[in-house]
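Here is a short briefing for you to read with the model open beside it. Take a look at the chain, then follow the topics below.

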Amino acid sequence: MIIEVVDEGHVHRWWPDTCGGDIAVEQAQRIAEVVAAAFPACGHFAIERYGRGLGRVRACLMVGGNDPVAAAEVMEILRPNIGGDTRVAYEAERQSKDVSLLGVGGQRASGRAEVLDAMKNGALGNRWLRVLRATGDASEVTVSAQLIEVDRTNNPDPYVLNMRWIKEADGEWRINAWSVEQR
């Protein structure tokens, strides 16, 4: 971690070699807490999971749109790890009964059972899902992600994937559409 502070026209830099007991680290954490407090959606990210500082700021910067609170709700369902990986999106109960899929190579599927079957049979390829951002707008949230090849994690050309989530009549957020950018 490099910490830069501008004071009276001078830039002061610290490269603390410890996480505890260093005044620079403590100041950086306080600044991160102030930044997190400036984003209303941050209140939806649990301190127990994200901490008060940089983890919470990072989570807040992953949501946006006209309704960032809705985006935060979906991100809390997905709970991507630090690398963006999540498995929750593949769960049957996260799919709307009318979900549709446009997979790798143009493969199409409609309905929960057909979409789940298509995904099990390679519609998304041998790839893992990396969540990048969630954008909330009215009653839907679009999650932008990448599909990265399992065998080549340093793949410079992952597929772009968008998942559209809708809030259904029961109040639950579910995926209504999977769409892989076609090449």
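This is a predicted model: local features need pLDDT of at least 70, side-chain atom pairs count only at pLDDT 80 or more; totals for chains, interfaces and linings use all residues.

Residues are numbered from 1 along each chain as its sequence is written, and side-chain values use heavy atoms, with hydrogens and water left out.

**Overall fold**

- The protein chain holds five helices and nine strands; helices (H or I, at least four residues) and strands (E, at least two) are DSSP runs, numbered from the N terminus.
- Read from the N terminus, the order of elements is β-β-α-α-α-β-α-β-β-α-β-β-β-β.
- Of the 183 residues, 40% count as buried; buried means under 20% relative accessible area, exposed over 50%, and partly exposed in between, with a 1.4 Å probe and protein chains only.
- Among contacts (heavy atoms within 4.5 Å) between residues at least 6 apart in sequence, 44% join residues at least 24 apart.

**The disulfide**

- A search of the whole structure turns up one disulfide, defined as a pair of cysteine sulfur atoms within 2.5 Å.
- Its partners are Cys42 and Cys60, with an S to S distance of 1.6 Å.
- Cys42 lies in the loop between helix H1 (23–37) and helix H2 (47–50), and Cys60 in helix H3 (residues 54–61), so the pair ties together parts that are 18 residues apart in sequence.
- Cys42 and Cys60 are both buried.

**Helices with a buried face**

- The buried residues of H3 include Arg56, Val57, Ala59 and Cys60. Seen down the axis of H3, its buried residues fall within an arc of 160 degrees, so they line one face of the helix; the arc is that of the directions from the helix axis to the C-beta atoms.
- In helix H5 (residues 112–120), Val115, Leu116, Ala118 and Met119 are buried. Down the axis of H5, its buried residues also fall within an arc of 160 degrees, so they line one face of this helix.
- Those buried residues of H5 pack against strand E4 (95–102), strand E5 (108–110) and strand E9 (173–180).
- On the other side of H5, Ala113 and Lys120 are exposed.

**Aromatic rings**

- There are two aromatic pairs: rings of Phe, Tyr and Trp (its six-membered ring) pair if their centres lie within 6.5 Å, with planes under 30 degrees apart counted as stacked, over 60 as edge-to-face and the rest as tilted.
- Phe45 and Tyr50 make an edge-to-face pair, 5.2 Å centre to centre with 80 degrees between the planes. Both Phe45 and Tyr50 are buried.
- Tyr90 and Trp178 are stacked, at 5.9 Å centre to centre and 15 degrees between the planes.
- Tyr90 lies in the loop between helix H4 (68–78) and E4, and Trp178 in strand E9, so this pair ties together parts that are 88 residues apart in sequence.
- Tyr90 is partly exposed, with a relative accessible area of 26%, whereas Trp178 counts as buried at 1%.
- The charged end of Arg183 sits over the ring of Tyr159, 3.8 Å from its centre; the rule asks for NZ of Lys or CZ of Arg within 6 Å of the ring centre and within 35 degrees of the ring normal.
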